[in-house]
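Welcome! Please look over the sequence and the 3D structure below, then work through the exercises one step at a time.

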Amino acid sequence: MKFLVVDDSQTMRRIVYNALKGIGYDDIVEAEDGKDAVAKLYVENVDFIITDWNMPNMSGLELTKSVRATDQFSNLPILMVTTRGMKEDVMEALHAKVNNYIVKPFTPQVLKEKIDQILKTL
Amino acid sequence: MESKNLSGILDKINELRALFIFGQRVIPFLEELFYFVNDIVPVLEEMNLSIYESTRRMPKASSQLKQVTEETEVATTEILDSLDGVLSKLDGIDAHFDTALSDLNNIENLDDKIYDLMRSGLGANNTAVLTEINALRERKRSHLSALRSNASGLDESLKEIRRSSNDIMISLQVQDITAQQIASVNHLIQSIQERLSSLIDRFKISGAELIEEIERPGETTFDPFAVYDRSGKRQRTADEVIRNEGSGSVTRASQTEVPTDPAAQDEIDRLFRKGNGT
């Protein structure tokens, strides 16, 4: 399974990358923001998107809406990993059709749990 | 002179008298006002200058804050590099460790085989020698057992180091959270600077240089409420919302319009319960 990790913070990309490797996923590509992610989607055979919300150029929320609006990618699972932890934020993300939601800081266990939950529903 | 005219003049004189009395009462107040304005003007000028100076320094403060984000990111990357090194070495040690434990078992098995061969080779005539060999074998076993026990303690320490390394990695997420907080403060500084700059333009302070504008980042979003909270409370809130929304699948999410008013939770719950058969 190929993961696309989208975050403008190099630190966070690295942490998600390490966490994914730790739970047994080795095939990972990275993108710096939503725009970069959309470009990567067309060249990489991505199966799962893990995205931050607050990013320059194109936010995670805009990325989610863009992915859902593109037939080719509309069914891709999207896991939002963000600092935004207000109820309204989660509602907004769900409204944009993310599959699940993680509030930073997170543990690799939580990441695994959410990925498993999403994969179970596919 | 007619009495009507005289009465008119007297009225006017009375009016003048009232005016003088009023003037007498007002003059001290006007004097006070004059002194007050005299005192306040330098204070206002000082305030203007102070606002101007503060506004002039804002771009520097903003750029320094941005630098904090950049430098902490570099430092965090260095820590992550070191942690990766530690974890990779731990993987190596783990592999050697497993081999060493397996070698210990092999030594014990080989000793058993050697003893069996000796016993069958030496026969019943060498009981004394066999007893001594067996005693030595038992002593060796005891040493091997001590080695295994030490190894087990060492293994626990290695696991602890791995747990701590992972813990540090989780804590390093603070860099991203503080970056959000700093971005929020920077945005606030920019807004204040804009307001103050337009105010200064109106004051037209003599000799004042043009205030440098704060460099604006590209179009971006930030979270002004970002907090470093490892209690898991915020995650539980998110999980609760997701559970209540009955989401978890793209299909279900795409079929549902979520009301944005958080107060209408019961209504939302009812809405999602309908499509929550799975």
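**Exercise 1. How many salt bridges are there over all chains?**

Solution. Start with the rule: a salt bridge is a side-chain nitrogen of Lys or Arg within 4 Å of a carboxyl oxygen of Asp or Glu. By this rule the count over all chains is 26 salt bridges. This is a predicted model, in which local features need pLDDT of at least 70 and side-chain atom pairs count only at pLDDT 80 or more, while totals for chains, interfaces and linings use all residues. Residues are numbered from 1 along each chain as its sequence is written, chains are lettered from A and ligands numbered from 1 in the order in which they are written, and side-chain values use heavy atoms, with hydrogens and water left out.

**Exercise 2. Find the residue that forms a salt bridge with E53(B), and say where both lie.**

Solution. Step one: the partner is R56(B), with the closest N and O atoms 3.0 Å apart. Step two: both belong to helix α1 (residues 3–122) of chain B and sit three residues apart, about one turn of the helix. Helices here are DSSP runs (H or I, at least four residues), numbered from the N terminus. Step three: E53(B), at 26% relative accessibility, counts as partly exposed, and R56(B), at 35%, also counts as partly exposed. The cut-offs are under 20% relative accessible area for buried and over 50% for exposed, with partly exposed in between (1.4 Å probe, protein chains only).

**Exercise 3. Which parts of the chain does the salt bridge of D112(B) with R137(B) link?**

Solution. First, the closest N and O atoms of D112(B) and R137(B) are 2.9 Å apart. Next, the pair links distant parts of the chain, 25 residues apart: D112(B) is in helix α1 of chain B and R137(B) in helix α2 (residues 127–171) of chain B. Finally, R137(B) is buried, with a relative accessible area of 16%.

**Exercise 4. Describe how helix α4 of chain A packs with helix α4 of chain B.**

Solution. Step one: α4(A) (residues 87–95) and α4(B) (residues 233–245) pack at an angle of about 45 degrees, with their axes 9 Å apart. Axes are lines fitted to C-alpha atoms, for helices over the stretch in contact, and angles run from 0 to 180 degrees between N-to-C directions. Step two: that angle makes α4(A) oblique to α4(B); angles under 35 degrees count as roughly parallel, over 145 as roughly antiparallel, 65 to 115 as roughly perpendicular and the rest as oblique. Step three: on the α4(A) side, the contact (heavy atoms within 4.5 Å) is made by K87(A), V90(A), M91(A) and L94(A). On the α4(B) side, A238(B), V241(B), I242(B) and E245(B) take part.

Terms used
Helices (H or I, at least four residues) and strands (E, at least two) are DSSP runs, numbered from the N terminus.
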